[in-house]
Amino acid sequence: MVLNGYKTMVKIWKAIIRKMFTKNLFLILLFIPSFLFCQEFSFDVNTNEGFIETIYIRDDYKVFKISETIDEIYIFGSDSLAKNYLQTLNKSIIPKKKFQLGETAIFVNSVAHIEYYTNSTPLSSLGKIKSINDLTFNYAPEYSWNRNSGVTGKLIQIGNIKITYWTDAGYTEKGKYRGKIKSFGNKEFKYEGWSSWGEKAGMVGRLISIGSIKINYYETDYDKGYKGKLKSISTIEFIYYGESTNNKKAKIVGKLKQQTGQDERITVH
């Protein structure tokens with residue numbers, strides 16, 4: 001009888017432990033996605049004009065400042081500093097040493113070794129920085145499609161991150177995104193193509209997605225006063241003052257009224 005009671009107690013405790021483990025495992029798995037994606041993007045938004053001015057993308061301890069191309073690269077001393085910069089855009093923590101990679105500026109804390117291209121074919125890389133502290137750089141060669149789209153000499157690889165640009169003629173020109181970034185690592189950049197209603201709304205050539213991040217704009221005739229302005233970045237929404245008598249008198253039609261929602265991957269400034 002005692003032995004049977006002991007076995008029963010063991011079974012009960014095993015069941016309790018199994019239940020606790022399963023519950024905790026579920027909670028861990030539940031929060032893994034937000035942990036993995038946390039602080040990947042930062043958007044500097046002109047809220048009254050309703051468009052994205054600058055995008056910041058973090059890759060480990062590196063942050064890339066992007067408009068239509070890569071403007072600046074910040075090499076921080078740690079992942080936490082890179083995350084902190086995305087959250088705050090605090091310029092005081094940007095590394096102090098600056099170098100030029102063609103049209104792109106790079107900021108680093110210190111330089112142990114720097115190497116330049118001295119014998120390169122094609123010549124678009126000649127004299128440019130090849131590596132800083134073993135971080136290597138490649139530049140777009142002088143091919144006709146690169147030259148015609150203004151891409152020659154722009155960065156096409158930073159370390160193991162590859163960059164491509166929209167260089168095709170025709171629809172990309174009419175869509176006003178020829179020469180803009182097409183992909184950054186595994187993130188694709190897509191833009192609003194040409195249409196008559198898009199032209200009227202001022203949306204043609206605007207960014208509509210980066211990887212899984214969708215970007216929307218107000219586009220109907222009901223969106224008076226803010227048609228063509230930024231509507232959402234992922235689940236973050238931007239609401240503007242509409243066309244009403246009181247708003248017209250106050251001259252606030254189209255100005256930002258409210259920003260709602262959140263996405264763990266994104267900070268909006």
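Buried means a relative accessible area under 20%, exposed means over 50%, and partly exposed lies in between (1.4 Å probe, protein chains only). The model is predicted: local features need pLDDT of at least 70, side-chain atom pairs count only at pLDDT 80 or more, and totals for chains, interfaces and linings use all residues. Residues are numbered from 1 along each chain as its sequence is written, and side-chain values use heavy atoms, with hydrogens and water left out.

**Exercise 1.** Determine whether Trp166 and Tyr177 are buried or exposed, and classify their ring pair.

Solution. 
- Step 1. Trp166 counts as buried because its relative accessibility is 14%.
- Step 2. Tyr177 is buried, its relative accessible area being 8%.
- Step 3. A pair of aromatic rings is described by the distance of the centres and the angle of the planes. Rings of Phe, Tyr and Trp (its six-membered ring) pair if their centres lie within 6.5 Å; planes under 30 degrees apart count as stacked, over 60 as edge-to-face and the rest as tilted.
- Step 4. The ring centres of Trp166 and Tyr177 are 5.3 Å apart and the planes stand at 85 degrees, so the pair is edge-to-face.
- Step 5. Trp166 lies in the loop between strand S11 (161-165) and H4, and Tyr177 in the loop between H4 and S12; the two are 11 residues apart. Helices (H or I, at least four residues) and strands (E, at least two) are DSSP runs, numbered from the N terminus.

**Exercise 2.** Describe the open sheet that seven strands form.

Solution. 
- Step 1. Two strands pair if DSSP finds at least two bridges between them.
- Step 2. The order of the strands is S5-S6-S4-S3-S2-S1-S19, with mixed pairing.
- Step 3. Strand S5 (97-101) and strand S19 (266-268) are the edge strands, each pairing on one side only.
- Step 4. From one strand to the next, the twist averages 20 degrees. Axes are lines fitted to C-alpha atoms, for helices over the stretch in contact, and angles run from 0 to 180 degrees between N-to-C directions.
- Step 5. Strand S4 (residues 70-75) and strand S6 (residues 104-108) run parallel and are joined by three bridges. Ile73 has Ile106 in S6 as its bridge partner.

**Exercise 3.** Find where Lys176 and Ser234 lie and how accessible they are.

Solution. 
- Step 1. Lys176 is in the loop between helix H4 (171-174) and strand S12 (181-184). Although it is not a glycine, Lys176 has a positive phi of about 65 degrees.
- Step 2. Lys176 is partly exposed, because its relative accessible area is 45%.
- Step 3. Ser234 is in the loop between strand S16 (230-233) and strand S17 (236-240). Ser234, also not a glycine, has a positive phi of about 55 degrees.
- Step 4. Ser234 is partly exposed, because its relative accessible area is 22%.
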